[in-house]
Amino acid sequence: MLKKIFPSLGVVLVVVAMFLGLPSIYSNQSFLFNLMLYLALAEGLNIIYGFTGYLPFGYVGFFGAGAYGSAIAVTLLHISPLWGVLWGGVAAVLIGIILIPLLRLSGAYFAIANLAASQALYYVVSNPALEKITQGPYGIDLSSVYNANAAYYALLGVLVFAMVLVAFIRNSDFGLCLLAIKEDRVTASLAGVNIVRARSIAWMLSAFVAGLCGAVFGWYSAVFYPSTVFSLDVSVFTIVFVLFGGIGTLAGPLAGALILYSMYNFIGISTPQYFQLFYGLLIIALVLFLPDGIASILRKGKVYVP
Amino acid sequence: MSHNGKRLLKVEGLVKKFGGFRALNGVSIDVCEKRIVGLAGPNGSGKTTLINVISGVYKPDGGSVEFDGKSIYRSPSHKIVHSGVNRTFQIPRPLAGLTVWDNVRLAAVYGCCEADKREIIRKALEIVQLDGLKDFISGGLTFAQQKLLGLATALATRPRLLLVDEIAAGLSHQELDWIAQMLLRISQTGVAMIVVEHHLGFIDTLTSDVVVMNAGANLFRGSIHEAAQNEEVVEVFLGR
């Protein structure tokens with residue numbers, strides 16, 4: 001057990017060193033920020049999808065809830081933006097609690113219901129009738145507390161939290177119980193596992209990470225609209241990154257996000273229409289031929305993937 | 001004979017409907033501490049459904065189930081497991097992507113309150129003689145080995161009542177004998193059992209207390225030899 005913690009610790013340290021060091025070599029902070037954002041989101045999605053098998057297509061709903069939760073706390077309650085990040089996480093968990101009954105569904109039904117829930121949330125938030133609280137469709141302005149550097153390091157903190165969480169789950173009895181739920185719910189419950197409780201905890205942890213990410217994203221962006229933080233692209237990107245890297249591992253989603261998001265930036269910005277085609281084909285190919293991602297290639301070669 | 005010792009399980013008038021079909025239609029059965037009860041009956045008589053309802057896999061639609069004086073009627077499976085009941089499956093359903101050790105570890109960690117988990121896992125694997133395969137991925141085991149793994153997993157939750165669903169189906173004669181001896185040894189450690197089986201010879205080596213079910217209700221209780229003399233029992237097995 002302890003033997004397996006060291007590789008995970010190594011992965012966390014490498015990632016931290018990378019994002020501490022890179023800003024002094026590479027000046028495009030916005031790219032590094034977004035890269036970090038997707039690394040953290042990928043690990044957050046990994047908690048629910050990688051370990052329990054529930055695929056949340058509406059994962060962006062938690063991201064948006066986090067962005068708005070913290071923005072409302074900062075603008076209306078005048079909380080400092082750093083504390084506001086925590087409020088964003090809490091807001092996402094509250095949405096997660098409301099959506100817990102969705103976990104009674106499985107497979108595609110769950111994915112679609114969750115997608116619908118995130119869209120419902122989007123339309124509620126962007127409703128002009130709520131202008132006093134959410135500013136409706138006109139967007140949020142946080143420029144009074146804008147601090148790009150602080151937000152950058154806050155996100156690094158969120159990323160470390162997400163990685164440590166996944167490393168802990170992967171090496172604990174709790175992780176085993178989540179994997180068992182993914183394999184066979186009946187067998188898991190006859191082993192004494194309280195399935196409803198275990199999957200709800202995983203669901204809320206996953207929501208919490210996305211909420212923190214959304215909150216920091218809002219802070220970093222200073223001005224954002226409902227259509228930005230509830231954009232389905234966020235769900236799709238995160239899912240593709242996790243699938244590509246390998247679900248249920250710590251390093252897989254990190255590698256997936258790192259490789260594909262970098263590619264997106266270097267190819268996708270100039271010719272976005274081809275890139276979407278490429279992504280669509282990639283999802284199909286992954287699901288058909290490599291459902292466990294690039295991590296499974298290494299595993300076939302008897303390499304332990306942390 | 002069936003009322004020696006304290007009554008551990010008491011099922012009365014249990015009903016389970018699937019749409020308009022009553023798979024269980026008022027079945028009653030009781031099991032005393034440390035005793036083995038054989039459960040026989042033709043295909044579709046509701047034996048496996050009864051096991052599924054007692055273990056919480058299906059929710060019943062009427063009647064009562066008491067274990068050790070407390071109602072476990074419509075309880076979720078994990079609570080039933082914690083109260084001291086577990087079962088095996090006719091068609092084994094291991095956690096196929098996990099190792100043999102992790103399958104049993106899950107049960108020892110979540111289903112059993114004793115502190116020394118390693119010892120519980122080791123003992124459970126030793127009883128079913130899978131200790132040599134503990135690092136194997138359970139999906140790669142043979143059908144018979146997966147059945148044994150199911151038994152080990154159930155044992156790791158330290159049940160006082162074990163529901164064994166057709167563990168002998170599809171096994172060879174030597175394996176049958178070997179499994180019968182294993183179940184007897186488990187029973188001697190103080191575990192009560194309901195053993196569902198088509199193979200009447202197998203039941204006969206385990207117990208002289210047999211319940212025969214037909215059409216979702218109990219038809220007869222007594223020894224195999226008495227059952228063979230009973231006209232109704234002969235009729236449901238062989239036809240008129």
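In chain A, α2(A) passes α13(A) in a right-handed crossing, that is, the near helix is turned clockwise from the far one by less than a right angle. This is a predicted model, in which local features need pLDDT of at least 70 and side-chain atom pairs count only at pLDDT 80 or more, while totals for chains, interfaces and linings use all residues. Residues are numbered from 1 along each chain as its sequence is written, with chains lettered from A and ligands numbered from 1 in the order in which they are written.

Reader: At what angle do helix α2 and helix α13 of chain A pack?
Author: Helices are DSSP runs of H or I with at least four residues, and strands are E runs of at least two, numbered from the N terminus. Axes are lines fitted to C-alpha atoms, for helices over the stretch in contact, and angles run from 0 to 180 degrees between N-to-C directions. For α2 (residues 29-52) and α13 (residues 251-268) of chain A, the axes lie 9 Å apart and the angle is about 145°.

Reader: How do the residues of the contact of α2(A) with α13(A) divide by class?
Author: Contact requires C-beta atoms, placed from the backbone, within 7 Å. Ala, Val, Leu, Ile, Met, Phe, Trp, Tyr, Cys and Pro count as nonpolar, Asp, Glu, Lys and Arg as charged, and the others, Gly among them, as polar. On that basis the division is 10 nonpolar, 3 polar and 1 charged.

Reader: Why does the radius of gyration of chain A agree with a compact globule?
Author: The radius is taken over C-alpha atoms, and the globule rule is 2.2 Å times the number of residues to the power 0.38. Because a compact globule of 306 residues would have a radius near 19 Å, chain A agrees with its value of 19 Å.

Reader: Which element gives the most to the side of chain B that touches chain A?
Author: Here 23 residues of chain B contact 15 of chain A. Elements each supplying at least two residues of the chain B side are α2, β6 and α3. The one giving the most, with 7 residues, is α3(B).

Methods: Contact = placed C-beta atoms within 7 Å.
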